[in-house]
Amino acid sequence: MARLTSKQRVLGLFRRDPIDTMPCFSGQGMVTLPAIHCLGIRFPQVHLTAENMAESAKKSMHMFEFDSVVVPFDMCTIPEAFGLPISLYANSEDILYPTIPGKWPSPEEVTIPGDYLKMGRMPVVDKALNLLREEVGEDKAIGSWILGPFTLAGQIVELDILMKMTIRGRAKVESLLDELTELIIDLGRHYRLEGADYMNLREMGTGSDLLSPRMFKMLILPRLQRIFDEWDFPKVLHICGFTDLIIEMMRDSGADAISVDHNNTLAETRKKIGDRMLLFGDYNGFTLPKKATKEEIKEYIQGCIDGGVDAVWPGCDIWPEVNEENLLTINRKIRELGRGPSPAVGRL
Amino acid sequence: MGKEKLREELLKELSDGVVNFDEDKVAEAAKRIVEEGLGAYDAIMNGMAAGMEIVGDLYDKHEYFVPELLLCADALYAGLDILRPHIKSEDLADRVKGQVVMGTVQGDVHDIGKNLIKMMFEVAGFTVHDLGRDVPLEKFVEEQVRTDSEIVALSAMMTTTMMGMKKVVEMIKAKNPDVMIMLGGAPVTKDVATLFGADGYAESAGNAVQEAIKMISRLRKLEKGQ
């Protein structure tokens, strides 16, 4: 079997070129507590400096034999750059991700500063990407992600108000989504220039446990199509939760790959999307790395492969407090069980 | 129009108003209930809660989703605010007198599911102690002890925030093993609920409402002697 570097393996997958085995990577956060502890810092500190962000991502990748690194880790960098106050829980000993305690009360009140890329921790993310590109970028794939327009809107406007306005006040929601769509297009290009090899658009607030498929078609899909049409680099659309009813629309979004979580019916999805579309998923980022037995891990990964994924990857952020043996077992089993071709990607 | 016919008509208006998220219609019908001296509790349970049962069915059939649920909830509250002060003490004498502490755990500011469940508990007659969102874990324990509530309901929307719920479950069960703990949120699966030692779970706002609607539906049937 030919050996590829991690980067060749991941980028080959996106091109649908034959590769040696299934890559172990993610489009969501995959920073781990064992790695953080090695660096002698607490969890909240990983978000605060480019060095901590890059080092903890890199250490997690090396410790658990991932093919990629992914930054940033939290969903507040953009809202913070827009000027919203955030809680960093900087003195906490616990695993607490930053949150936004107060959002704009309605879409029309949102104001986006023209120089937001220079604000908050946006430069931290840029520098972390730069550091990773310099230090591991030759051999390892560097991933990054941005929230999709609706999910990002839900981060900056009170979500219940936003949801209700999709029915009563749609024009205002659409106007905000259009603005965010253009911003996301530019930010994706920006992250690409700063070092990202692939981008994951996380539009997780739009699954059918939240929005109707009709709403998805009308409000969400056109914006996704616009973004993916403009991004000329490897791109994934991730939606978690109940996605069975919108999976064909996800396929038609223009992404190279679609990513789902354990709530999706993989085998049915593969039938619906055909064999050419890349499908990533769908292990639970908490239960499998934290508490599954080796046998359960093997069974679950085999189930994903049998369900037709081209990469077994987590359906959400990996919960940082992993069982080290479990996460290593997951990645080694993915490589071992993923030696055969997947529906969209052959093997060398 | 006879009193019973008027009652039926107004109950239907309340139900329809909730289903069609028509706040004005619900408020109008609720005011008529009060003006005509009809039972406020009856109107809540057999008008608006009955409407929420239909809403639950529509959610089940994938005809309604969370935005619709939220608008139905607004309509229900429009009636509840008017009717609640007129509930007679004898109406509640033989009914649920439970208390529930609820909130979104520290690190999470998403409270849609929590607010929907709160509404259903209120409809069912529970006293709700809502701690809000991003609640420090110790606060749940303090509030449960202070109020001696039978139920604690915790919500977290993301994997990255749900671990706080495990700590709360441990702390509360250590102090009072009889407290029933319910978990809600997208990352909460049966495995997670079991692992955390919870007594019940719902994995989405809609599912949580479904469970709460079933609870109220059972209550309504009990009251009808079915």
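**Salt bridges and a domain contact**

Reader: Which side chain does A:E230 meet in a salt bridge?

Author: A salt bridge here is a Lys or Arg side-chain nitrogen within 4 Å of a carboxyl oxygen of Asp or Glu. For A:E230 the N to O distance is 3.3 Å, and the partner side chain is A:R226.

Reader: Before we go on, what sort of model is this?

Author: Residues are numbered from 1 along each chain as its sequence is written, chains are lettered from A and ligands numbered from 1 in the order written, and side-chain values use heavy atoms, with hydrogens and water left out. Local features need pLDDT of at least 70, side-chain atom pairs count only at pLDDT 80 or more, and totals for chains, interfaces and linings use all residues, since the model is predicted.

Reader: Back to A:E230 and A:R226: about how many helical turns separate them?

Author: Both sit in helix α9 (residues 213–230) of chain A. Helices here are DSSP runs of H or I, at least four residues long, and strands are E runs of at least two, numbered from the N terminus. Because A:E230 and A:R226 are 4 residues apart in that helix, the separation is about one helical turn.

Reader: How does A:R226 count by relative accessibility?

Author: The classes are buried (under 20% relative accessible area), exposed (over 50%) and partly exposed in between, with a 1.4 Å probe and protein chains only. A:E230 comes out at 26%, partly exposed. A:R226 has 35%, so that residue also counts as partly exposed.

Reader: Which residues are linked with A:R226 and A:E230 in a network of salt bridges?

Author: A search of the whole structure finds 40 salt bridges over all chains. In the network that holds A:R226 and A:E230, the other members are A:E182, A:D186 and A:R189.

Reader: Which helices does the A:E51 and A:K127 pair link?

Author: These two side chains meet in a salt bridge at 2.7 Å, N to O. The pair joins distant parts of the chain, 76 residues apart: A:E51 is in helix α3 (residues 50–63) of chain A and A:K127 is in helix α5 (residues 122–136) of chain A.

Reader: And A:R15, is that one buried or exposed?

Author: A:R15 forms a salt bridge with A:D17, with the closest N and O atoms 2.8 Å apart. A:D17 is at 31% relative accessibility, which makes it partly exposed. A:R15 has a relative accessible area of 52%, so this residue is exposed.

Reader: Over to chain B: how much area do domain 1 and domain 2 of chain B bury between them?

Author: Chain B is divided into domain 1 (3–93) and domain 2 (99–210), with bounds from an automatic or database domain assignment. Their centres, taken over C-alpha atoms, are 26 Å apart. Buried area is the accessible area (1.4 Å probe) that two parts lose on being put together, summed over both. Of the area buried between these domains, 73% is on carbon and sulfur atoms, and the total is about 1,200 Å².

Reader: Which residues in domain 1 of chain B lose the most area to domain 2 of chain B?

Author: Together they make up 32% of what that side buries, and they are B:M52, B:Y59 and B:Y77.

Reader: How many salt bridges does the rule find across that interface of domain 1 of chain B and domain 2 of chain B?

Author: B:R84 forms a salt bridge with B:E122, with the closest N and O atoms 3.6 Å apart. Across the interface of the two chain B domains, the number found is 1.
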